[in-house]
Amino acid sequence: MEPRANSQEAPFAVGVDVGGTKIHAGVINRQGDVIAEHYLPTLVHQQDVISRIIEAIECVVQKAGPAFQGTPFKGIGIGTAGQIHWETGTVQYGLDLIPGYTGTPIKSILEQKFSLPVYVDNDVNVLALTEKYFGIGSKARHMLCLALGTGVGGAVVIDGKLVHGSWGAAGEIGHMSVNYKGPTCICGGIGCLELYASGTGIARMMQELQERKGIAGNPIPIESKEVVRRWLQGDSDSTQIMDEVIMALGAGISSLIHILNPDAIVIGGGVAEIGEPLFGPLRDEVAKRTMPSLHKDVWIGPACMRNRSGMIGAGLQAWEYESFSL
Ligand SMILES: [Zn+2]
């Protein structure tokens, strides 16, 4: 079943969250209620990702079918890994995670296929839309979002609007340098925040610490989750690593506060699931590094929704940009 033609009054949209391992599609309304949802493995090495996206959309519309009785859709929103040329809805730069993705004209392929308005953005930018509609962003006009996962993603909302920059790549907060003499990042930069505040960065720092301490043989790599678990139990090596994480995040967030004077900093992703043991010291670190006049009213806290936020935010684009002609 295919979604039918759009209407200004249409109460539903399709949202699709595209990652390197799975695709999560859903039918949502403006209130963020999920009418139907469907997960598919991305199968990056077996099929074109765009064919999988189409399959996910068809499956979820099929699932939602009986609830609709022919109701038209407002549009389709895609939130995807990689850098997206926002106006054309083309993958400007796909990650190694999805081979062959770079250059895929997602928007034009899906508009031709479904005859609906299609909006395509980076996965962290659409997470920020979920925060804007249902989280602290419903009150905060100026908001920064960080997603601390395998990497560090970011999004910037100023005056209630997502900042896309020249072509769509604004908000790469993970690649802001917090150490100009630091290690080289995969992006080519030096001392990027992602090298310290991501799961990968935490595991790397622990590995290096073990090597410095001359632990015999090949030290078994310790995953970031294990570092966090040991930190919460008071282990001194893990405390040293997590102090670095908090200082790096504090330095980055403080710089962003000085540049953008935001009302709120929202932090999501796996690393942020630590909760208050992370947020407490992080707030202190940011306070220490930021001018009191800029810092005093800034809210710093967790993202509002979890595993469905990407898909819901993707779908919300249909309302966010309905008056735009992209
Ligand atoms: Zn970088």
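Is S115 buried or exposed? S115 is exposed, with a relative accessible area of 53%; exposed means over 50%, buried under 20% and partly exposed in between, using a 1.4 Å probe and protein chains only. The views below come from a predicted model, where local features need pLDDT of at least 70 and side-chain atom pairs count only at pLDDT 80 or more, while totals for chains, interfaces and linings use all residues. Residues are numbered from 1 along each chain as its sequence is written, and side-chain values use heavy atoms, leaving out hydrogens and water.

View A. Look for S115 in the loop between α2 (106-114) and β7 (118-122). Helices here are DSSP runs of H or I with at least four residues, strands are runs of E with at least two, and both are numbered from the N terminus. The loop between α7 and β11 (264-268) holds N261, which is partly exposed at 48% relative accessible area.

**View B. The zinc ion and its four donor atoms.** H175 (ND1), C185 (SG), C187 (SG) and C192 (SG) coordinate the zinc ion at 2.0 to 2.3 Å. Donors are N, O and S atoms within 2.8 Å of the metal (3.2 Å for Na, K and Ca); water is not among the atoms, so sites may look incomplete. Along the chain, the spacing of the donors reads H-x9-C-x1-C-x4-C. The site is tetrahedral, with angles of 105 to 122° among the four donor atoms; for four donors, that term asks for all angles between 85 and 135 degrees. C185 is buried at 6% relative accessibility, whereas C187 is partly exposed at 45%.

**View C. Helix α6 packing with helix α7.** α6 (residues 224-232) and α7 (residues 236-260) pack at about 105°, with axes 8 Å apart. That makes them roughly perpendicular to each other, a label for angles of 65 to 115 degrees. On the α6 side, V227, V228, R230 and W231 meet S238, T239, I241, M242 and I246 of α7; contact means heavy atoms within 4.5 Å.

**View D. V157 in strand β9.** Strand β9 covers residues 152-158 and includes V157, which is buried with 2% relative accessible area. Leaving aside residues up to four places away in sequence, V157 touches A128, R141, H142, M143 and L162.

Note on methods:
Axes are lines fitted to C-alpha atoms, for helices over the stretch in contact, and angles run from 0 to 180 degrees between N-to-C directions. Angles under 35 degrees count as roughly parallel, over 145 as roughly antiparallel, 65 to 115 as roughly perpendicular and the rest as oblique. Four donors count as tetrahedral if all angles lie between 85 and 135 degrees; four count as square planar and six as octahedral if opposite donors are over 155 degrees apart and all others between 65 and 115; anything else is irregular.
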